[in-house]
Amino acid sequence: MEKQKLKINGARLKRTLEQFADFGRTENNGVTRLSLSEEDRLVRDYFCSCCEEIGMMVTIDDLGNIYATLKGEENKKPIILGSHLDSVKKGGRFDGVLGVVAGLEVVRTLVENNIKPTHPIMIVNFTNEEGARFEPSMMSSGVLCGKFDKSVMFQKQDVDGISFGEALKYSGYAGDEEYRLKEGEAFVELHIEQGPILEKENLSIGVVECVVGMVCYEIEVTGDSDHAGTTPMNMRKDALQAAISAISKVCDKLDKLDSELVYTFGRMNVFPNIHTVIPNKVIFSLEARHKNPEVVKQVETIIHSMKDDSIHSNCSVDIRKLWDRETVWFDQNVVNSIEQSVESLGYSYKRMVSGAGHDAQFIASYIPTAMVFVPSINGKSHSEDELTTWEDCTNGVNVLLETVVSMLKTLSSK
């Protein structure tokens with residue numbers, strides 16, 4: 001008879017998540033906990049106390065990242081779990097924090113069952129993942145992997161002119177560079193999906209294979225301002241009409257590329273933005289995301305075709321690439337380990353990609369990494385309406401626990 005699987009305490013997980021949500025809880029049961037704010041400082045204090053209560057050693061690096069470590073029986077590289085505790089303004093109760101609390105619940109379960117791991121188990125809270133107070137997002141994990149320069153990041157300012165470095169020092173969480181995350185056997189981040197796919201397909205778990213690549217462009221259409229009532233239509237250089245035409249043509253082309261391609265015209269500014277004046281300039285953004293770099297290249301070709309399509313509008317088009325990122329494929333051994341854990345627990349699942357960015361994509365550059373998703377009701381996130389059922393949260397943490405237990409068995413047999 002097969003031995004019963006070790007499971008976490010779902011009621012305790014729910015209680016802990018609600019306790020964490022009290023730090024910055026909004027009137028509509030969401031959370032506002034901007035990075036290094038007073039609410040963030042307090043939730044950090046609480047997280048550290050929870051970890052210390054179960055015998056974990058807590059260290060802080062120079063970026064404010066918190067590492068809580070359950071000592072292993074051997075001096076080996078740790079298995080790492082975690083995510084982030086900061087939120088966007090009026091965000092949800094699960095984004096980021098679920099991954100941190102999941103790590104806490106996994107360790108609590110190991111401790112109360114007297115399971116002494118051969119390898120250390122580490123929980124990490126990454127500073128300023130959201131980028132809602134200090135841009136860019138995933139700031140600290142970006143510095144850890146060499147993507148961002150620390151000196152530049154420390155000068156980033158919020159809307160009040162307070163720099164990241166100043167806020168970090170004031171929070172009391174400016175630690176030492178020697179404690180930075182440098183190595184690990186694996187990093188597994190549990191996160192809400194932030195999209196509608198798992199719920200729509202009635203699945204419990206997403207085994208995440210990659211964070212998709214993306215490109216972001218800014219397009220500027222320039223025409224000429226004239227009186228809205230006296231200029232004949234065939235004599236106008238209407239930048240907005242030209243932009244609308246260009247957008248329509250681009251959408252038609254992009255829609256024919258690939259069913260998994262997603263794209264967004266997220267920002268548009270019209271000048272002079274007066275109802276009696278023909279617009280002389282329109283600036284808008286276009287970002288697109290797909291896991292296949294060849295599809296992304298096709299997207300870029302289509303974007304640049306707007307210059308050719310604008311010839312008949314009497315307006316000029318300037319196209320600027322703001323930034324891009326390549327698809328980050330996760331470690332297949334870690335992905336497979338997660339999948340085997342899901343199957344052994346009997347949960348419904350699918351392999352899938354992440355359209356959103358996560359700390360895991362940066363950590364993956366130097367530590368074997370993968371992610372686990374749980375459903376988001378109606379696909380809502382970065383909103384007070386964000387919701388994941390307690391059962392789905394519990395299932396996700398059970399997958400994390402089973403993955404850790406399985407990894408420990410595999411590592412100890414080597």
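**Note on the predicted model: cores, helices and rings**

1. Start with Phe 330. Setting aside neighbours within four places in sequence, Phe 330 is in contact (heavy atoms within 4.5 Å) with Val 208, Glu 209, Cys 210, Val 211, Val 335, Ala 360, Gln 361, Ala 364, Thr 369, Ala 370 and Met 371.

2. A word on the basis. This is a predicted model, in which local features need pLDDT of at least 70 and side-chain atom pairs count only at pLDDT 80 or more, while totals for chains, interfaces and linings use all residues. Residues are numbered from 1 along each chain as its sequence is written, and side-chain values use heavy atoms, with hydrogens and water left out.

3. Phe 330 also belongs to the largest nonpolar core, which has 89 residues. Such a core is a set of buried Ala, Val, Leu, Ile, Met, Phe, Trp, Tyr and Cys residues joined through side-chain atoms within 4.5 Å. Buried means under 20% relative accessible area, exposed over 50%, and partly exposed in between, with a 1.4 Å probe and protein chains only. The residues with the most contacts inside this core are Phe 47, Ile 121, Ile 123, Leu 181, Phe 330 and Ile 338. Helix H13 (residues 390-412) gives the largest share, ten residues. A second, separate core has 26 residues, including Ala 246, Ile 302, Cys 315 and Ile 319.

4. Helices (H or I, at least four residues) and strands (E, at least two) are DSSP runs, numbered from the N terminus.

5. In H2, Asp 40, Val 43, Arg 44, Phe 47, Cys 48, Cys 50 and Cys 51 are buried. Seen down the axis of H2, these buried residues fall within an arc of 160°, so they line one face of the helix. The arc is that of the directions from the helix axis to the C-beta atoms. The buried residues of H2 pack against helix H1 (10-21), strand E1 (57-60), strand E2 (66-70), helix H3 (97-112) and strand E4 (121-125). Just after H2, Gly 55 has a positive phi of about 85°.

6. Helix H6 (residues 164-171) buries Phe 164, Gly 165, Ala 167, Leu 168 and Ser 171. Their arc, down the axis of H6, is within 165°, so they line one face of the helix. The face turned away from the buried side carries exposed Lys 169 and Tyr 170. Buried residues of H6 pack against H2, helix H4 (139-144) and helix H5 (150-153). Gly 172 follows H6, with a positive phi near 85°.

7. Now the rings. The whole structure holds nine aromatic pairs. Rings of Phe, Tyr and Trp (its six-membered ring) pair if their centres lie within 6.5 Å; planes under 30 degrees apart count as stacked, over 60 as edge-to-face and the rest as tilted. The rings of Phe 94 and Trp 390 have centres 5.5 Å apart and planes at 55°, so the pair is tilted. This pair links distant parts of the chain, 296 residues apart: Phe 94 is in the loop between strand E3 (79-83) and H3, and Trp 390 is in H13. Phe 94 is buried at 1% relative accessible area, whereas Trp 390 is partly exposed at 25%.

8. The charged end of Arg 44 lies over the ring of Tyr 173, 5.1 Å from its centre. The criterion is NZ of Lys or CZ of Arg within 6 Å of the ring centre and within 35 degrees of the ring normal.
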